[in-house]
Structures are given as C-alpha cells and as structure tokens.
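Open your viewer and get ready to click along.

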Amino acid sequence: MIIRKMLFASVAIACVAGPFSALAETSGKKIALSNNYAGNSWRQAMLTSWDKITKDAVAKKIVAAADPFTTAENQATEQAAQIQNMILQGYDAIVINAASPTALNGAIKEACNAGITVVSFDGIVTEPCAWRIAVDFKGMGESQVEYLAKKMPKGGNLLEIRGLAGVSVDDEIHAGIQAGAQKNPQFKIVGAVNGDWAQDVAQRAVAGILPSLPEITAVVTQGGDGYGAAQAFAAANRPTPTIVMGNREDELVWWKQQKDKNGYETMSVSIAPGVSTLAFWVAQQILDGKQVKKDLVVPFLRIDQANLETNLASTQKGGVANVEYSLEDAQKVISSAK
Amino acid sequence: MTAARLLFTKPWIWSFAATVIVWVVTVLFTGGASSLGLSQAALTFAAFSVIVGIGQMFVITLGPGNIDLSVPATMTLSGTLALKLMDVQDGMILVGLLTSILLGFAIGIGNYALIKLLRIPPIIATLSISFIVQSTAIWANRGLRIKPPEVLASFTTSSLFGIPNIAIVALILSVVAWVLLKKTIYGRWISAIGQSTFAARMTGIPVDGTRLVTYILCAVLASICGYLLASFSGGAALNMGSEYLLMSIAVVVIGGTAVAGGNSNIPGIWGASLFMFLVVSMLNTYGFGAGFRLILTGLIIIAVILVAGGRQSNR
C-alpha cells in the first residue's frame, strides 16, 4: 500500500516538476541551511519561506531532510564551526547565506573536499568550489536612477541612503547608484547617510542631515529605509520627495496612502527573501546530477505604480514582499545561465 | 573669575562645550539656516540616548565590573511586545506602557539573579540574559512590524512650543533621576557602593538590595525607551536596539561619569547624547564617507574624554 502511495506521489510530482524531474536520485539526500543572522524582518521572512517550501519537499520525499541552522552572533568564525559540524553530521549539501564572502572559504573548501555540494546565496562566498546565487545589486542601484531619469528628465538633487558600512552589498548598490548618476548628470547626489537598512536608523540619519540640505527631488535607498526617510521629511516639514522604496509592507502601505491622497508616484525594489528557496532547489538539482553553472543570477523583485495594489495584498502585514521559488523557477534560472 | 573656575571643574561642561562647537560647525555649512531644524532633530534623537544612558549610568556608578549589556535586547522586546499588545488601539496605550515597565522589572530581576545567585560577572550575566530576551523578541513576532496606536505615534513625533515631546519625557525622567541620585538615601548608597563595596557593606548599607534596584531601574528605563522608540519610528524592528548598546555606555563616559564608579553625572548625559547625534550629522553634512566618518567619530570621542579626564585629574 505504502509503496503504491509513494508511487502515486512520485508520479504526481513528476508531472508537476516536468521532464527534468528525477527525484529518485535525491530522495535520500540531506540538505542543510547555514544562516548567519536572523535579527531582522527580511531574514525572518527568508527562514519562513525556507521552512514552507522545504517541509513540502520533504513531505513529498524529494529530499530526506532540509534543516535550517542560524548562528547567534553573526560572526564568520562561528559560522565556520557550524559548517564543520554539518560536515560531520553527514549532510549532502549545504545552502549558505554567509557572514563574509572570504572568511568562510577554508571551511567551505573542507566541505567540498568531503564531497558536499555548497550553494551560497545573498551573502555569497568566493571559494571556487561553491555555487553562487547572486543578486545584481549594482543593477538594482542603477535601475533606481534610471527610473528617476525617466520620471523627471529635468533631474535634481538626490539624497542617498546607504546600508551597513563595510558590507559588500552596500558597496555594490552604491556603485550602481553612482554609475546611474554619472550616466544621468542632471542628477546630483547632494548628501549620503548610512541607514543600516533599518527604518529607525535611517530616520535618525536623515533627520540629522536634512536641515543642511537644499531641496531634495528624490531619495535613492537600499531597502528597509524608505519609510524612515519619509518620516524624517515629514517631521522636518519638508515637501516629500520621490522616495524609492524597498518592498517592506510599511513602505508599501505608506506609498499607497500617498498615492490615494495625491497621486504620489515611485517604485520599490529589493530582493525577495524567498531567494533561499531558489538556493534550495538549485542544491537539489546539483545533487540530482544536473550540470549547473557556478554563477547564477537571480532577478530582483520590483514593484511599480501599476502593480502596487496586487503586491500589497499578497504581502504579509508587517513583513516584506516575497516570492517563493519553485523547482521550475530554479530550472529556468539554471538554463538561462548556460 | 572664580565662577568660571568653578564651572570648569564640572566634568559635564566638556561634553556641552563639544556639543556647542559641533553644532556651530554644522550650522555654518548652511550659513545658519539649518539651526532650528538641526536643534529639534538633535533634541529628539538625543532623548532616546538620554533615557538608556541614565539607566546605564546608575549601573556603572555601582563600581568596577558593573554594566548592563542587555539594554538593546530589552528595548527590542519591550517595543515588540508592547506594540503587539496594543495592536493599533488607542485605548491600550497605558496597558502597553505598563507591560513595558513590568517587562523591564522582570529583566532587571533576571539580570541580578544571575549576578547574585550564580555569581556570574555582570558583563556575562547581562549578555546571557540579552540572548534570551532577543530570542524571545524574535519568537514573539518574527520581526513583523506592527504600527503603533495613532495617538501614541502622533504624541511621540510632535512637539510642544518647539520642543519635541520625546525630549520633554526624557527631561522629566532626568529630573526624577537627578532627585533620586542627589536627594535620596538610595543615591548616596549607590555612590558609596561604587566607591567601595566593602566599606559600604561595613557601614550597614543594604548592598544587594541597592544593586538589585539599580539593575531593575536600568532595565525599566531601557524598556520605556524601546516603547517610545518603536512608537516614534512606526513599529518595532528586531535590530532597533543594536545602536544603543555602545551609545548607552558612550554617553555615560563622555558625560563625565567615572567609569570606575562612585561618581555620576546627569547633565553630562544630555551633553554627550546631543554631541553623539550632532557629530554624525556634522560629518554627514560635510559629506565624509562612512569609513572616514567612523574613524573621526572615534577620534573626537577620545579627544573629548581626554580633555574632560585631564581636567579632572588636575583638581
């Protein structure tokens, strides 16, 4: 009976998963998620997405296990020890959001030598034996300025809110914004502050610099800082500029309110926390014996004036706009990299 | 002349002097146009540092080794739980505040229980409690942002006669703390304990009771700060307290409170809190990059402490 049920289930999944499906190969495999930080809403959404998709995959016997592990202190040494434990525990693949692009390379090399597939995402690693699912952060920064250039061809003064100083993601988005501003010289970045991707920090930093700034036409951001910036402008009784948002629910709600009130226009861009599920499927495909390029690119999630309402409706209250990826999405990403 | 000399022997004068210099330099950038806006922003954001700074000051006054590292986690949990409990209803504002205060009580007792019963040094004890508290905050709401009640949000973001409400709240708390410190027996006790725990015990001061109350006081102030900050910035975030760990200690030290304990200083905390906000604003205004800004912030803090400390030893 059980075997027949399993067969049915297998056939059902095979139909869903399409012609590439070969679940027999990975049904005994164990995948671990090594995560360096859980202390903000984006990471919490990332872990929730992982939980949702992998539980389903385990129930359908696509993989034997997909256990998430998070380090307490967001430190590379701690995560390296965690990876070494995973090697000893006999995982077949490790999906990792790394605390550092380079400091974990030793531990990751050990894992590769032990025959373990390592897939890094979001916080990627440079070790050549690992796979990388990177977001085009530079493109994300550039797209903001391009949007503004289209919206206001006359240009104007920009305020840039950067992320956490010293993190590679911050440097890349910043480089994109600078490149965009160079291509569109009608825009001038008149001020930059670090908002640490947190509304309260961004609010404080913007409130501090705002009294010294000339009129601001637009604010370019990195995500998680747009609402704080909006509040700082309101507190200083300054006209609200076009603030690029970062897909957080409170930002989208604020945007919707402004839109209903006075037709406020902007865009919102960030990476979906569900990118962890894409990494999961990529790891599963590699374990399945598929040829996968070492460097994959995941598109960022962009919300525009037209699809604001639909995205707002599907976003959890107080959370982040999210997309969870399916096996087919992963296969599309893999094949487009070839 | 003697009045001036008397003034210069006050350790808090240096943090205010530094604040005024930084304020003037920042305002000069716009030729004075930004003075009102900058002052209001500085008062608003300094208020949060003042509230946690006062709590930390009481703990540091207890003497070497006394410190509360659970401040950020306490702020986060207090903001998270209070906003979740209030759930955008104006009628629940006081209930939320009460919950925050009770939470502070519990965390303070937990901190001191570890220190006293298990004989763990304060730095380790409060750090362990902070892990538990932070994990509880994550577990409680998974980082989802709940909006504060409308009345509370507008109270925290508006101002009275040009002075931000938050700054008024911090001022009231400061006055209460000042009275507690200078005019009550409790204040004498913590200074005595900070100068010599052994001597304090010999003179019959209830050392354990006083220390317990001090750790509770610090946690309660951190809770209130978390409650206000979450209401002010439109929701609690899991990392909203992280800035305030070093901040709470820095404003105490720059403000002229003796790190070795036994001598505290409330006006200095105001000077230091305003200074810490204005320094970042000044460097942002002049367009320094993040790396350079951090180095300069560090150097300026060292300079202020050196000047203030040098004067103290001359006395």
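**Stop 1: where the chains meet**

Select the contact between the two chains: 33 residues come from chain B and 36 residues from chain A. Two residues count as being in contact if their C-beta atoms, placed from the backbone, lie within 7 Å. On the side of chain B that touches chain A, the elements giving two or more residues are α3 (35-61), α6 (122-141), α13 (266-285) and α14 (290-314) of chain B. Helices (H or I, at least four residues) and strands (E, at least two) are DSSP runs, numbered from the N terminus. Colour α13(B) next, because with 5 residues α13(B) gives the most to this side of chain B. By kind, the residues on the side of chain B that touches chain A divide into 16 nonpolar, 14 polar and 3 charged. Here Ala, Val, Leu, Ile, Met, Phe, Trp, Tyr, Cys and Pro are nonpolar, Asp, Glu, Lys and Arg are charged, and the others, Gly among them, are polar.

**Stop 2: how confident is the model?**

This is a predicted model, in which local features need pLDDT of at least 70 and side-chain atom pairs count only at pLDDT 80 or more, while totals for chains, interfaces and linings use all residues. Residues are numbered from 1 along each chain as its sequence is written, and chains are lettered from A and ligands numbered from 1 in the order in which they are written.

Now colour by pLDDT, the predictor's confidence in each residue, from 0 to 100. The model's scores are ipTM 0.83 and pTM 0.82. Chain A averages a pLDDT of 87, and 93% of its residues score at least 70. Select residues 14-23 of chain A: the pLDDT there is below 50, and this stretch has 9 contacts in the model beyond near neighbours in sequence.

Chain B has a mean pLDDT of 87, with 95% of its residues at 70 or more.

**Stop 3**

Two strands pair if DSSP finds at least two bridges between them. Axes are lines fitted to C-alpha atoms, for helices over the stretch in contact, and angles run from 0 to 180 degrees between N-to-C directions.

Zoom in on β4 (residues 117-121) and β5 (residues 131-135) of chain A, which pair in the parallel sense over 3 bridges. The bridge partner of S120(A) in β5(A) is R132(A).

**Stop 3**

Still in chain A, select β7-β6-β8-β9, the order of 4 strands in an open sheet with parallel pairing. β7 (187-194) and β9 (242-243) of chain A each have a single partner strand, so one side of each is left without a neighbour in the sheet. Strand β8 (residues 218-220) of chain A pairs with β9(A) over 2 bridges, and T242(A) is the bridge partner of A218(A) in β9(A). Helix α6 (residues 168-183) of chain A packs on this sheet, touching β6 (156-162), β7 and β8 of chain A.

**Stop 4: a phenylalanine**

Finish by selecting F233(A), in helix α8 of chain A. Is F233(A) buried or exposed? F233(A) is buried, because 21 other C-beta atoms lie within 10 Å. A residue is buried with 20 or more such atoms within 10 Å, exposed with 12 or fewer, and partly exposed in between, with C-beta atoms placed from the backbone. Leaving aside neighbours within four places in sequence, F233(A) is in contact with R238(A), T240(A) and P241(A).
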